[in-house]
Amino acid sequence: MAKKIKPYFFQDGINELAAELKGTENIFLGIRPYGFHAGNKIPFVVYPLLLCEAIEKLGKKANFTFYMFLNDWEQDGFDETYTDMKTHPFNVLPKYTTFQYTLYEKGGGSIVDYWESKIVDQVSIIRDKFPQANLRCIRNSSMRDMPVMKDVVLKTIKDPDLVGNVLRETTGKEILDHPYSYCRPICPHCKTAKTLAEVLNKDDIRVSCENCGLDRVYNYHLLNFWLYHKPLALPRIKEFNIDLCITGTDHYREGDFITRKKLFEVYQIDVNLPKTLYTPTLYGRNGLPMGKSKGNYEDIDVEILLDFVKKYPNQETLYLKDLK
């Protein structure tokens, strides 16, 4: 494992990183393909731009490679039939399926296809300003056959305690014994994640669907999966040699900085832990954190948002009511 590392916060963190980085690092940006609002733009566009600016002010070239990971293996929503997510936030189950099999609400078609084009278009602003930067868009589902992803999927199905015990230790939250699962196969027939799975060997999984009644053994490589975002980060960081993650401060408050390190240890994945840069949380005009599910989805031009963020360089929380 790498030496002990610290988190980096806001503009001060950008300045520290600019002094430490070469400008050729691989940078992790992760998002659910379920909209792209002003709050998303801060870690995905604004902070990458600020980092590139800071690097070049020091006489270096911003030759970063930005990996845009589209989390199409994430749940389409949370099933709160069994638990209240406010009191047991880590007893997570998909509401129905994953984004990979979710249709766009306005006219059908894949929600991932729809939002991928929107997200790529916005993040490409980085290359407009810093043409030497590289951008890559990776769907989690495209990583299914990579050995590190397969290893994480099979281990998570076989032993959910790998995740659950780490979350108990690092977050202090209570986790109920049921429902208790952090990875499930998607039913090949009805496309739901309401399945039970038994790993038979390194290639075969018995899938039992509670929705349509399917009960059959499948080769791993013929399936897709729901995989909770915390273990899902591990294969991406390992496979693409990630040096720096840029993400929102809400993840830090949830304990992700410590949780991720512990997960690498329990999954026995040898990796140089990436640095992490945390961005401010944007609150909408209704006083809630920006988010489509919270009823305050709002888009703002990148240049306006960039100036707004620069005005409050080290503030943990930003409020759209302060945007003049």
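Which residue of β10 is the bridge partner of Ile27? In β10, that partner is Leu244, and the views below set this pair in its surroundings. The model is predicted, so local features need pLDDT of at least 70 and side-chain atom pairs count only at pLDDT 80 or more, while totals for chains, interfaces and linings use all residues. Residues are numbered from 1 along each chain as its sequence is written, and side-chain values use heavy atoms, with hydrogens and water left out.

**View 1. Strand β10 pairs in the parallel sense with β2 and with β11.** Helices (H or I, at least four residues) and strands (E, at least two) are DSSP runs numbered from the N terminus, and two strands pair if DSSP finds at least two bridges between them. Strand β2, residues 26-31, is joined to β10 over two bridges, whereas five bridges link β10 to strand β11, residues 275-279. Within β11, Thr276 stands opposite Cys245.

**View 2. Strand β10, residues 244-248, is largely enclosed by the rest of the structure because five of its five residues are buried.** Buried means under 20% relative accessible area, exposed over 50%, and partly exposed in between, with a 1.4 Å probe and protein chains only. Leu244, Ile246 and Gly248 point one way from the strand, Cys245 and Thr247 point the other way, and all are buried.

**View 3. The count of disulfides comes to zero.** A disulfide is counted when a pair of cysteine sulfur atoms lies within 2.5 Å. Cys52 is in no disulfide, and the nearest cysteine sulfur, that of Cys245, is 16 Å away; Cys52 is buried, with a relative accessible area of 0%. Cys183 is likewise in no disulfide, the nearest cysteine sulfur being that of Cys187, 15 Å away, and at 4% relative accessibility Cys183 also counts as buried.

**View 4. Three strands form an open antiparallel sheet in the order β6-β7-β8.** Strands β6 (195-199) and β8 (215-219) stand at the edges with a single partner strand each, so one side of each is left without a neighbour in the sheet. Direction ignored, neighbouring strands of this sheet are turned by 25 degrees against each other on average. Five bridges join β6 to the antiparallel strand β7, residues 204-209, and the bridge partner of Glu198 in β7 is Arg206.

**View 5. Helix α5, residues 147-158, packs on this sheet and touches β6 and β7.** Contact means heavy atoms within 4.5 Å. The direction of α5 makes about 105 degrees with that of β6, where axes are lines fitted to C-alpha atoms, for helices over the stretch in contact, and angles run from 0 to 180 degrees between N-to-C directions.
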